[in-house]
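Dear colleague,

Please find the structure below, handed over for your files.

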Amino acid sequence: MKEKAVVQGFTDNLDARNRKGVIWHVLFQVSTVIGIVALIALMLNIINGAFGYIAYEARVDPDTLAVDGTPLTEQSQEQLVTLLQSTLSRGAYNKLENEKPFARRPREEVYQLVLERIIRPEIVGVWNLWPSITDADEIRTTVAQEHPNAELEFVSWLTSDFVSRPQTSEPLTAGVRTAILGSLWTILFTILLAFPIGVGAAIYLEEYASDTWLNRLIQTNINNLAGVPSIVYGILGLAIFVRTLEPLTSGEVFGLVDPTTASGRTVLSAGLTLGLLVLPIIIINAREAIRAVPRSLRNASFGVGATKWQTVWSHVLPNAMPGILTGTILAISRAIGETAPLVVVGASTAISFDPSSPFSKFTTLPIQIYQWTSRPQDEFRSLAAATILVLLILLLSLNASAVLLRNRFSRKF
Amino acid sequence: MAGLSLEKTFEKKASTSNLRRKTRWGETFIQALLFFSGFFSIFTTVGIVYVLGKEALLFFQMPEVDLLATFTTTEWKPQIGKFGIWPLLNATLMTTLIAMLIAIPLGVAVAIYLSEYANPRVRNTLKPILEVLAGIPTIVYGYFALTFMTPLLREIFGRDVVQIYNTASAGLVMGILILPLITSMTEDALSAVPRSLREAAFGMGATKLEVALQIVVPAALSGIAAAIIVGISRAIGETMIVAVAAGAGPNFTFSPFTGAETITGHIVRISGGDLSYDSVDYNSIFALGLFLFFVTLTLNITSQAIVRRFREVYE
């Protein structure tokens with residue numbers, strides 16, 4: 001009897017409790033779905049911006065460039081070169097000739113030059129991918145009415161040309177080669193600073209440090225540095241690398257001043273600033289990798305008479321290396337995506353020449369995205385979207401290589 | 001014969017070799033080098049405090065700047081010598097608040113779902129997706145805020161209500177950015193709660209929800225609190241989303257649909273051009289940077305202290 005009463009008391013509100021359980025379960029699932037939807041929306045939004053219709057008008061009508069009745073599209077390589085020579089200023093022509101002699105340029109390349117330099121198409125309308133698919137007819141009629149001379153074309157802003165062309169102020173001929181090279185140069189110095197010091201610090205903390213107040217301070221400090229906003233590192237870099245160490249970072253002490261800069265706002269300053277930024281991340285990851293190497297391996301090494309450093313160098317480090325490298329790659333992908341500190345350190349907004357030394361002015365992929373996103377015109381937003389795709393592809397391949405490295409070389413003890 | 005001579009040499013060696021610990025200079029040198037590497041991070045911190053402190057001091061020594069007025073007045077106009085931090089601070093607090101309104105409930109809910117409800121297959125697909133979300137550079141989120149969230153808000157609330165640059169759009173997208181951070185820290189805290197606790201509750205007849213909300217979440221509360229505080233610290237220091245989407249120009253407003261510049265956004269805009277050294281603007285970014293540094297440092301230390309102090313230790 002008594003037992004039954006208890007069971008009844010238990011079942012009394014069981015339905016209500018289960019209903020509540022279901023409702024919350026759905027709520028938890030919905031939250032997760034919202035997170036995924038956000039990611040999908042982010043990706044689709046970028047793709048939406050990177051493709052679509054553009055309408056452009058020629059600043060110079062190609063028909064006026066016909067020679068003896070031969071339209072521009074059918075002219076020979078020599079005729080096109082003559083056209084360039086007669087239209088461009090002598091300086092501009094010589095500059096092109098110096099980059100690569102006209103005689104050695106194929107007709108297609110010269111034709112592109114004529115398009116870029118003489119006809120100079122001007123964008124009069126830009127549409128994203130979604131309206132380009134759904135409202136194609138409407139776009140055609142609008143363009144036909146408002147810009148009767150304009151040509152409508154469906155373009156991908158991300159092309160192989162986009163990746164290999166230098167930056168220009170013309171949206172149709174702008175590229176990101178300058179920014180890609182800038183990013184690579186910067187990352188080189190980031191690695192040179194952060195990798196040796198980061199791994200050294202991790203070895204010290206894991207293998208050598210005893211439990212003293214100083215070592216505890218170092219540990220706490222590293223954890224706290226990992227949480228400092230990146231822009232603070234930018235301000236630090238501005239004061240130390242750009243200003244105080246200007247003779248060094250502008251190349252003055254080496255007598256290597258780049259004629260275009262003569263200030264500390266260089267690739268070197270940017271790389272070192274990012275190096276300070278990712279140092280805590282590298283240390284934390286490397287420590288974890290070193291900690292995963294089993295004690296027995298070290299003891300075996302000590303047992304045959306190896307010194308501490310011999311043990312670390314020949315046994316601990318080789319076994320921890322896959323983990324250390326994975327952590328370093330993740331830190332590098334963080335550095336490649338950083339924007340704020342580089343704006344503060346002084347990334348250049350408009351340079352069209354490639355960085356050629358540590359003392360060059362620089363721009364990087366994220367900086368380029370920031371610049372183009374901040375412009376109100378739609379064509380620059382589309383350029384930003386295409387640059388984001390380049391950046392994401394770069395980051396994705398870095399992360400994929402980190403995963404591969406982890407799977408390929410990681411050992412289980 | 002041979003055995004005897006071997007014994008002899010052995011004896012001879014043992015008597016001459018010095019068994020005291022040798023000083024190996026190479027080892028000492030390497031250890032010193034490694035210690036220097038470890039100590040390097042201290043230089044960074046000292047550098048931040050010293051450099052930012054020095055320049056911030058110069059800022060407050062300038063005749064037009066008054067420390068008291070900085071924290072009590074509501075206008076930031078360097079051109080006419082007004083340096084009230086409230087317009088910037090208010091915008092930072094607003095974007096942070098909006099971000100946390102999104103990130104805390106969603107982040108904790110996703111973590112509970114992953115840790116208590118999802119089967120291993122779902123969890124193993126969802127966690128990498130969250131990692132991807134966390135690895136996307138913040139400038140990409142800035143682009144997303146400006147080209148997706150802002151038009152969406154303008155569509156919903158009306159074009160005359162929502163300005164092109166507004167704190168709501170920046171805050172919402174920042175919430176999406178911080179969501180994976182809160183989720184992963186919360187999930188770690190939840191999965192650290194031992195199985196036996198859950199099974200005891202199930203044995204008493206509790207439903208899955210009751211186990212999750214009344215047993216696991218309270219047991220992991222310190223970890224969740226730490227995650228939230230780290231999230232807030234991240235939101236305050238977040239720069240590129242607000243620089244792109246929240247607006248340029250300090251504006252003391254409580255409306256989320258008008259543009260307002262945050263502390264970080266202001267630093268980026270001011271230093272974007274060629275900033276001349278020792279100008280008021282130059283010194284002011286150091287004062288603002290120092291402020292950011294101490295606020296985020298305090299939050300991070302608090303978060304670590306909570307974990308240490310209130311962690312429930314099982315076995």
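Two residues are taken to be in contact if their C-beta atoms, placed from the backbone, lie within 7 Å. The model is a predicted one, in which local features need pLDDT of at least 70 and side-chain atom pairs count only at pLDDT 80 or more, while totals for chains, interfaces and linings use all residues. Residues are numbered from 1 along each chain as its sequence is written, and chains are lettered from A and ligands numbered from 1 in the order in which they are written.

I begin with chain A. Of its contacts with a separation of 6 or more, 76% are accounted for by residues 24 or more positions apart. Chain A contains 18 helices and three strands; helices (H or I, at least four residues) and strands (E, at least two) are DSSP runs, numbered from the N terminus. Chain A is more spread out than a compact globule, because its radius of gyration is 30 Å, well over the 22 Å that the globule rule gives for 413 residues. That radius is taken over C-alpha atoms, and the rule is 2.2 Å times the number of residues to the power 0.38. The C-alpha trace of chain A spans about 105 × 75 × 40 Å along its principal axes.

Of the 413 residues of chain A, 40% count as buried. A residue is buried if 20 or more other C-beta atoms lie within 10 Å of its own, exposed if 12 or fewer, and partly exposed in between, with C-beta atoms placed from the backbone. The domain assignment of chain A gives domain 1 (48–76 + 124–156) and domain 2 (177–409), the bounds coming from an automatic or database domain assignment. The C-alpha centres of domain 1 and domain 2 of chain A lie 44 Å apart.

Two helices of chain A deserve a description. Ile218(A), Ile222(A) and Leu225(A) are buried in helix 10 of chain A. They lie on the same side of helix 10 of chain A, because they cover an arc of only 70° around the axis, the arc being that of the directions from the helix axis to the C-beta atoms. On the other side of helix 10 of chain A, Trp213(A), Arg216(A) and Thr220(A) are exposed. The buried residues of helix 10 of chain A pack against helix 9 (177–208) and helix 13 (267–291) of chain A, together with helix 2 of chain B.

Leu214(A) also lies in helix 10 of chain A, and counts as partly exposed because it has 13 C-beta neighbours inside 10 Å.

Helix 17 (residues 365–374) of chain A is largely enclosed by the rest of the structure, since nine of its 10 residues are buried. Among the buried residues of helix 17 of chain A are Pro366(A), Tyr370(A) and Trp372(A). Their cover includes helix 9, helix 15 (308–337), helix 16 (340–345) and helix 18 (378–409) of chain A, together with helix 6 and helix 11 (240–245) of chain B.

I turn now to chain B. Its secondary structure comes to 13 helices and two strands. The radius of gyration of chain B is 28 Å, whereas a compact globule of 315 residues would have one near 20 Å. The C-alpha trace of chain B spans about 110 × 65 × 35 Å along its principal axes. Of the 315 residues of chain B, 44% count as buried.

Two buried residues of chain B illustrate its packing. Leu153(B) lies in helix 6 (residues 138–157) of chain B and is buried, with 21 other C-beta atoms within 10 Å. Leaving aside neighbours within four places in sequence, Leu153(B) is in contact with Val162(B), Ala168(B) and Ser169(B). Met185(B), in helix 7 (residues 167–191) of chain B, counts as buried with 22 C-beta neighbours inside 10 Å. The C-alpha atoms of Met185(B) and Ile224(B) are separated by 7.2 Å, although these residues are 39 residues apart along the chain.

Finally, the contact between the chains takes 70 residues from chain B and 70 residues from chain A. Helix 2 (residues 25–61) of chain B gives the most to the side of chain B that touches chain A, with 19 residues.

With kind regards
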